[in-house]
Amino acid sequence: MTLAHLGYGAAIVLLAACLLVVLGLVAVRFGRDRAELRRNALRAPVWREVMMLTTGEPDEVGDAYERLIPVTAAERAAIEDDAFALVPKLRGTARERLRQVLREWGVADEAVRWTRSRSSVRRCRGLYRLGVLASQQADPTMRDAVLARLDDRDFAVRRTAMLALGSFPEAGVVEHLLNRAAREPRLRVDFLSSVDRVGAPAVPVLRRGLTRSVAETPGGDRRGFLAAEALGLVGAVSAVPSLESAMEESSDELRLACIHALGQLGASSSVVALSGPLGHHDPTVRRAAAASLGLIGGSWAVPALTTVLYDDNVEVARAAANALRRCGPGGQDVLASSPAPVAREVVALSALGSMA
Amino acid sequence: MARILVADDDVDIRELVEFKLSTLGHDVVAVSDGAAAIDACQASRPDLAVLDVMMPGVSGLDAIRAIRADPALADLPVILLTARAQESDVETGFDSGADDYITKPFSPRELASRVQALLTRVR
């Protein structure tokens with residue numbers, strides 16, 4: 001056998017291998033297309049019932065519900081992910097009806113099992129699904145399964161658990177969220193998002209967290225900071241006295257959080273408390289106080305803001321001028337008659353804005 | 001029966017709105033971005049438009065401005081259906097020329113009622 005023969009043999013083997021790979025890829029593609037076609041064929045009629053369930057009139061909804069409950073496992077699998085994606089986009093009875101169908105299919109138990117899976121992706125999917133299924137009357141097993149994952153070894157799972165817990169409007173849940181977020185600063189945004197969704201039931205826990213933080217740690221700690229931020233976000237006007245009192249004895253970081261929260265809450269009674277920080281040594285605090293007074297607005301804030309139009313720090317003075325513009329006719333009169341450069345700047349920019 | 005344009009980049013929302021309005025007997029044209037919405041308005045002259053605000057390319061607000069700038073479409077009733085729920089967002093929506101504003105998550109039946117009410121008012 002010559003070298004040429006060997007070369008031909010190798011070329012034929014290579015060609016055959018390539019052919020096999022191509023045939024394999026074609027077969028895989030064909031199989032997937034067939035599976036997709038089968039899935040679409042299964043999905044279309046069931047999805048139509050889901051549409052009817054979520055958009056229909058009461059009698060149509062009843063019929064759709066009856067037809068959806070006994071669907072086969074294959075039909076269920078064809079639409080389950082889409083149905084979960086649809087729930088958060090709906091409101092009111094449409095959302096509740098779809099949740100009810102999903103619960104009837106037993107997906108909650110399956111999701112609880114997934115939260116204990118070895119795969120972190122599956123744990124996240126389980127948590128997401130439990131968050132979607134949760135409601136006012138959620139099964140405590142679901143809540144406890146999600147709470148347990150706040151201490152998961154994987155950050156993505158902890159984060160998904162934190163976001164999912166926003167769907168459980170219970171004070172006890174908020175306590176866990178606050179503790180976890182205080183220990184792990186990178187969960188701050190997710191904590192705020194969840195507490196915002198919990199709403200009113202979170203307020204007593206957050207107030208208590210803020211008060212305790214200032215009482216137990218000189219200047220307050222991370223818990224207090226997060227509680228103050230969340231109180232402003234949730235719109236807890238009942239927390240105004242706690243925030244005002246915490247502001248007086250806190251670190252600069254916590255003081256800033258309280259100032260922002262008081263501005264967001266917009267209670268006119270906070271004008272006196274917010275006038276104090278206008279004289280603070282740190283320009284960031286003075287600027288935040290001026291901005292918050294602007295958010296509160298009204299004539300009460302005008303005298304205090306007028307005093308900082310000539311602040312040494314131009315950003316503070318500008319914040320005061322912008323705040324005065326939001327204080328109604330009284331503030332606007334002060335701005336119009338003030339010779340302070342920032343006042344003239346704000347008046348000019350405002351005039352330009354109204355021309356556009 | 002009316003011809004209604006629906007523009008939303010979220011396929012689920014588009015499908016929901018299209019399904020609900022079709023079952024009420026309306027003729028629905030669905031598109032996925034603002035530019036296509038403007039084109040569809042000029043081509044099919046709908047009786048009402050339901051627009052999302054945050055869409056790729058031309059936003060819903062820009063689409064309304066373009067619609068209002070066209071004399072033939074200036075009176076077209078427009079409903080904004082959007083996830084932007086802040087007070088200032090609603091204000092901006094109405095300032096841009098929207099006739100109604102619905103925030104997501106939404107109730108398809110409520111949307112249908114508002115569509116009916118707006119159609120009745122303009123006819």
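**Entry 1: helices H6 and H7 of chain A**

I began with helix H6 (residues 120-133) of chain A and helix H7 (residues 140-148) of chain A, whose axes come within 10 Å and cross at roughly 140°. I noted H6(A) as oblique to H7(A) because of that angle; the cut-off for roughly antiparallel is over 145 degrees. The model I am reading is a predicted one.

I then looked up the hand, and H6(A) passes H7(A) in a left-handed crossing. For the residues that meet, I listed A:Leu127, A:Leu130 and A:Leu133 on the H6(A) side. Their partners in H7(A) are A:Met142, A:Ala145 and A:Val146. Sorted by class, I have six nonpolar residues in this contact, with no polar and no charged ones.

**Entry 2: chain A as a whole**

I took the secondary structure of chain A next and found 20 helices and zero strands. I get a radius of gyration of 30 Å for chain A, whereas the globule rule gives 21 Å for 356 residues, so chain A is more spread out than a compact globule. I also looked up the extent of the C-alpha trace, which spans about 100 × 65 × 50 Å along the principal axes of chain A.

For burial, I noted that 42% of the 356 residues of chain A count as buried. I checked sequence separation as well: of the contacts in chain A between residues at least 6 apart, 63% join residues at least 24 apart.

**Entry 3: chain B as a whole**

In chain B I find five helices and five strands. I read their order along the sequence as β-α-β-α-β-α-β-α-β-α.

I asked what radius of gyration chain B has beside that of a compact globule. The value is 13 Å, and I count this as agreement because a compact globule with 123 residues would be near 14 Å. The C-alpha atoms of chain B fill a box of roughly 30 × 30 × 25 Å along the principal axes.

I recorded 37% of the 123 residues of chain B as buried. Among contacts in chain B with a separation of 6 or more, I have 60% from residues 24 or more positions apart.

**Entry 4: where chain A touches chain B**

Last, I looked up how many residues of the two chains are in contact, and found twelve of chain A against eleven of chain B. Which elements of chain A give two or more residues to this side? I have helix H1 (3-55), helix H3 (73-86) and helix H4 (92-104) of chain A. By class, I divide the residues on the chain A side into six nonpolar, three polar and three charged.

How values were computed: Residues are numbered from 1 along each chain as its sequence is written. Chains are lettered from A and ligands numbered from 1 in the order in which they are written. This is a predicted model: local features need pLDDT of at least 70, side-chain atom pairs count only at pLDDT 80 or more; totals for chains, interfaces and linings use all residues. Axes are lines fitted to C-alpha atoms, for helices over the stretch in contact, and angles run from 0 to 180 degrees between N-to-C directions. Helices (H or I, at least four residues) and strands (E, at least two) are DSSP runs, numbered from the N terminus. Angles under 35 degrees count as roughly parallel, over 145 as roughly antiparallel, 65 to 115 as roughly perpendicular and the rest as oblique. A crossing is left-handed if the near helix is turned anticlockwise from the far one by less than a right angle, and right-handed if clockwise. Two residues are in contact if their C-beta atoms, placed from the backbone, lie within 7 Å. Ala, Val, Leu, Ile, Met, Phe, Trp, Tyr, Cys and Pro count as nonpolar, Asp, Glu, Lys and Arg as charged, and the others, Gly among them, as polar. The radius of gyration is taken over C-alpha atoms; the globule rule is 2.2 Å times the number of residues to the power 0.38. A residue is buried if 20 or more other C-beta atoms lie within 10 Å of its own, exposed if 12 or fewer, and partly exposed in between; C-beta atoms are placed from the backbone.
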